[in-house]
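Open the model in your viewer and keep the selection tool at hand. The tour moves from stop to stop, with something to select at each.

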Amino acid sequence: MIFRRIVLVLVLVGCFWYIINRTRPVNVMQESIAPGSLHLTEAHAAPEYDSEELNNISVYKKALPSVVNITSSAVAFDFFYGPVPQQGQGSGFILNKEGQILTNYHVVADAQQVEVTTYDKHRYKAKVIGKDRHHDLALLQISAPNLVPSVLADSRNLVVGQKVYAIGNPFGLNGTMTTGIISAKRSIRGPSGDLIDNAIQTDAAINPGNSGGPLLNSRGEVIGITSLIATNPNQDVEQNAGIGFAIPIDTAKAVLSDFQRYGRVRRPSLGIASYPIGPDLADQMGLAADYGVLIQRVLPGGPAERAGLRGGNQTAYLGNMQIYLGGDLIVGIDEQQVTSTQDIDEIMDHHQTGDVVTITFFRGRRKLTTRLTLGEAGERST
């Protein structure tokens, strides 16, 4: 009898244990995956790049060793005349193995100490050896081994739609490359308020920290120096809005040439104040050509006056703007057609103060030429 009860108890306990374990939820996290049950599909070859990607990679590899990060330090004073350290960042690119670096003037304008960090993370103290506030350019000098110079192209024949690359250090993020196209070429006001002629407009993303870095063509050659961005007024933070500007490299070459020859910038000038003429204005004024720049006045004792060119002597108005009629109409310089003041600026980029050029112009209906020795630009000359 006792044995039967023991057997019955054991049977009930066994049944209870079986039911409990049979209905217990499975803990998926504790289950192990059987070997061989997880299958992945992997590539069987190295990734292939299309032609555009290959060119992007090539440009980046070629240009990156020449791009540097620039840190400028200065000390300001607060309301109580306490010193307040200030630091700014920008970009630049190496010009030669001797350690000369080009950047924007506004990157180092008020700096008391400048440091350059190369792409391989080495840091060097830099000295500012040339400044051109008007063109927003500055030349630095470092002493460093194994430098890789940039390759400089020509910016005269750039066209809208051409692909471009910007490499720099936006927001301190070293070695960043963005791509875009040339959106336009136009004259703009630089950070100091001076006019920068034929600036390259691009939609390549340019942000704070890119200033002074190179704008490159599809061969990795420098065509401009990234300088300005148009910002969204509704944004609290200054950042890219799809419109950036670069100083053309031809302008920089002219500035560098002046640094080398004179130790400062001597911008060549015709010594005139002028106004661009199009077909409509030419027809209204009865001019002999439907393009050119009309001389408003010649600077006293300047190159144009010495060459015998004449300014206007009749007052007229275009809207509310006063202009002068009766002056010579310049249509060419050294057999290059002149249709705007920008054309003159581009030609000046390829000349030095003291060079002699041939001016083609109309005086009334007579087409004439004269030889003119370029002077040094003043505040009001063109």
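Are D345 and R267 buried or exposed? Select the two and look: both D345 and R267 are buried. Bear in mind throughout that this is a predicted model.

**Stop 1: the D345 pair**

Stay on these two residues and show their side chains. D345 and R267 meet in a salt bridge, at 4.0 Å from N to O. D345 sits in helix α7 (residues 341-348) and R267 in the loop between α4 and β13, so the pair ties together parts that are 78 residues apart in sequence.

**Stop 2: R266 and its partners**

Now select R266 and E376. Their side chains form a salt bridge of 3.0 Å, N to O. R266 belongs to the loop between α4 (249-262) and β13 (268-269), while E376 belongs to strand β22 (residues 375-376), so this contact ties together parts that are 110 residues apart in sequence. E376 is partly exposed, with 36% relative accessibility.

R264, R266 and E376 are linked in a network of salt bridges. R266 lies over the face of Y262, 4.5 Å from the ring centre.

**Stop 3: another salt bridge**

Select E221 and R219. Their side chains meet in a salt bridge of 3.2 Å, N to O. Color by accessibility here. E221 is buried, with a relative accessible area of 17%. R219 counts as exposed, at 52%. A search of the whole structure finds eight salt bridges.

**Stop 4: strand β18**

Select residues 329-333, which make up strand β18. Why is β18 described as largely enclosed by the rest of the structure? Because five of its five residues are buried.

Bring in its partners one by one.

- Strand β15 (residues 292-298) pairs with β18 in the antiparallel sense, over two bridges. Look for L294 opposite L329.
- Strand β20 (residues 356-363) is also antiparallel to β18, with four bridges. Here I333 stands opposite I359.
- Strand β19 (residues 336-337) pairs with β18 over two bridges, again antiparallel. G332 faces Q337 across this pairing.

Zoom in on the turn between β18 and β19. This hairpin has two residues between the strands, and D334 takes a positive phi near 50°.

**Stop 5: two hairpins that share β5**

Select residues 113-117 and 123-132. These are strands β4 and β5, which run antiparallel and are joined by four bridges. V116 has Y124 as its bridge partner in β5. Five residues lie between the strands of this hairpin, and K121 takes a positive phi near 75°.

The bridge partner of D132 in β6 is L137. This hairpin has four residues between the strands, and D136 takes a positive phi near 55°.

**Stop 6: a surface patch**

Switch to a surface view and select Y49, L54 and I57. Together they make a nonpolar surface patch of about 270 Å². I57 has its place in helix α2 (residues 51-63). Its relative accessible area is 30%, so I57 counts as partly exposed.

Technical notes. Residues are numbered from 1 along each chain as its sequence is written. This is a predicted model: local features need pLDDT of at least 70, side-chain atom pairs count only at pLDDT 80 or more; totals for chains, interfaces and linings use all residues. Side-chain values use heavy atoms; hydrogens and water are left out. Two strands pair if DSSP finds at least two bridges between them. A charge sits over a ring if NZ of Lys or CZ of Arg is within 6 Å of the ring centre and within 35 degrees of the ring normal. Patches are made of residues with over 30% relative accessible area and no salt bridge: like charges are joined within 9 Å, nonpolar side chains (Val, Leu, Ile, Met, Phe, Trp, Tyr) within 5 Å. Accessible areas come from the Shrake-Rupley method with a 1.4 Å probe; for residues, only the protein chains shown count as cover. Buried means under 20% relative accessible area, exposed over 50%, partly exposed in between (1.4 Å probe, protein chains only).
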